[in-house]
Amino acid sequence: MNLSFLRVSIWVYLALFFLYLLGPLVIMSVTAFNSSAFPRMTPWECLTFQWFGDLFQDQRILNGIKNSLIIGAGTVVLSVAMGLAGALMLTQIWPKLRATYYTIIIAPILIPGVVLGISTLVFWDRINRMLGLGADSVLSNGVFLTVIGQSTFIASYCMLVLVARLQRYDMALTEAALDLGATHAQAFRKILLPFMRPAIASAAVLAFLASFENYNTTTFTFGEYPTLTIELAQKVRYGITPSISALAFIIVALTVFFALLNEAKLKRQELVAAARKNATVEELAGKIKLPSFFAGNMAAVLLVVFAVATITVVGTATAYNPAQCIANVKEEKRLEAEQRIQELRKQREEQRKKREAEEAEQGDAGQSAPKPSNNSGFGNVFAPNTLGSGEEESQDTETPPANNGGFGGVFDPNSLKSE
Amino acid sequence: MPKFLKEFFNRNGTGMGLAILGLVLFWTIGLIILPQLSMLDFSFRPNLPPPEIGGPKDVYTLENYKYLIYGPEGGSQDYNSVDLRVFFRTLLAAVCVTIFNLIICYPIAYYLGQSKGSHIRIFAIMLIIPYWINEILRAFALRIIFGETGVLNTLFMGLGIWDTPFDFIRNDIALYAGLGYAYILLMIFPIYNVIESLDHNQIEAARDLGAPWWRIHWRVVIPYAKPGISSGCTMVFMLSAGALAAPQILGGPSSLWFTQLIYQQFNDNNDWPQGAAYAIVLLVTCILFVLAVMRLFKVNMGDIGK
């Protein structure tokens, strides 16, 4: 096994892997633009933007998005607060308790979401009953239960993100602030919080995304407030339409956009830092010549390409009208269906004839054989008059005659009766 | 007041200390421990209408657990073969999904962890993007691909490999592909994190000493990456055993996942204690299984989640 073979096989493997990872998303996005009523890529019918229109008129989806945003906001606040408190506690807890404590706060990540949802539901239902509250109290409200249930494990994710940064924090900074006369709350707000801000931001984004896409826990707790994910799941389970693909396309596009934006920003910071480092003394004294925005920043270039493509697509969508194409496809489909019906009828007719012929042969072998033309398997295709009648029947204004060409009138119902 | 509590308040101030302590206690006790205990307690009770709860009939019983093993009382079979089969099939399938993920993710994690260059960051973005898409939508995407008139069937029928559509969904291929797809990232990242910190000189040294590539992996890389591999496997196993969305969307009509049984008990049969008992069985079995496997491969619990 030589080296170049190894390298090629690595690239093939990477290609296959990313095909598995990204292929489904690409195919799903593409189906959002096909006019076929069932989401599919082949056969391609017409380019259409109809499914996006359908999506924005779907009240249940819009309502789901609203509920998801409310629940997401609640979850972000609660889980970042609990995660931060948990992380602070982890850095200063009594060493003997530390391992137990860590196991407890990490456990929700590993507990199946279904179990978390059930335990939340059962526990708060019991609290509700103990307090003697009715079925419509706050404690049995879908939003409350969902926020609580999701925060149980999302706070663990936040804690992991926050503790990573907290470990690099120098406690002497807080002590210095306290020595200089700050209260504990001031030291927290002015020293620790600004230091933790990047980690808090990423924990909040993570918490929101986790809340937005959670299904397993939410499905037991949502009550009267179905989130977007719940609505999607119900739609997908009971019949799928391309408007779900349209929603998926929007989410994929947004994700790609923000990922590229973030990457471009990071790369830009790196490039600027590198330029500062390499600058000469005079340049530092005067103005540094920073590299242009796109130089060496692939993500930024991709970002711009992506934005231009989006604008083009939206522009086309407003101007484009696929009505003609859809009408054509409909007509084609109608003809195809007719053909299929004819074929079926023909088969049945043939079988009938064959049976009759066999019966006839068995019944009275001495008598004359049935007409050979009936047995030929082609039905009446070759009878001259069928062709003519077929042409006459299918002289539709929209249909090009080529569609009828090779098949003649075989598929016309009258051709069978005409014998 | 115990000494460590006093120290804690000295360090954080009374107000801040109370806030931290309050939040941590609410989280650990109110959200994690008590609900689980409450569910455990609930699973030992009969299914009663709300007015009778707390009444004389509300006694502890093993009924719900017996149901899983023996089925309904006076049933035709000795064992609840339907539910038990679903249970073991779920565990077995989760193990298969985990192994499948480990096999396809290890080379990627190794490649990402050991090679340098700016394209690695693009790869990382490409890995994360699918993970940000809704779980339901990911399952939906696979359904489009594996459907009867889906992309794969059209492709293979077009190539003439088979004539009639192959039913991926009824054969559970769609389900396994979907579960594997859903948790790929959770397998890659822990392994990647560990392998990234492996000194490349160790691999070079092994190569200089004449080890073939597979022996380098077997004797150097895998022992080093063991904590990452075990935490990835644990997460993938637990999550796929507890998955609900993928089986609901990609599962065949006749093949159930154990979580679907729990879901049915709660939403269709309205038998909460029975559902809670099933959930407890699932949770306890998964934890015991993970602990047993970790003992087998000599991994510490503390390595998980790092």
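Chain B comprises 14 helices and zero strands, and its elements follow the pattern α-α-α-α-α-α-α-α-α-α-α-α-α-α along the sequence. The radius of gyration of chain B is 24 Å, well over the 19 Å that the globule rule gives for 306 residues, so chain B is more spread out than a compact globule. Its C-alpha atoms fill a box of roughly 75 × 75 × 35 Å along the principal axes. Of the 306 residues in chain B, 39% are buried. Among contacts in chain B that link residues at least 6 apart in sequence, 70% join residues at least 24 apart.

The model is predicted, with scores of ipTM 0.84 and pTM 0.77. For chain B the mean pLDDT is 81, and 91% of the residues reach 70 or more. Among the elements of this chain, α2(B) has the highest mean pLDDT (88), whereas helix α7 (residues 151-159) has the lowest (74).

Helix α4 (residues 81-114) of chain B contains 34 residues and reaches 49 Å from its first C-alpha to its last, close to the 50 Å expected at 1.5 Å a residue. A bend of about 35 degrees occurs in α4(B) at C105(B), and a proline, P107(B), follows within four residues.

The contact between the two chains takes 72 residues from chain A and 68 residues from chain B. On the side of chain B that touches chain A, helix α2 (residues 14-42) of chain B gives the most, with 15 residues. By class, this side of chain B has 47 nonpolar, 17 polar and four charged residues.

Conventions: Residues numbered from 1 in each chain as written. Chains lettered and ligands numbered in written order. Predicted model: local features only at pLDDT ≥ 70, side-chain atom pairs only at ≥ 80, totals over all residues. Contact = placed C-beta atoms within 7 Å. Helix = DSSP H or I, 4+ residues; strand = E, 2+ residues; numbered from the N terminus. Nonpolar A, V, L, I, M, F, W, Y, C, P; charged D, E, K, R; others polar. Expected span 1.5 Å × (residues − 1). Bend = angle between axes of the 7 residues up to and from the residue. pLDDT = per-residue confidence, 0-100. Rg over C-alpha atoms; globule rule 2.2 N^0.38 Å. Buried ≥ 20, exposed ≤ 12 C-beta atoms within 10 Å, placed from the backbone.
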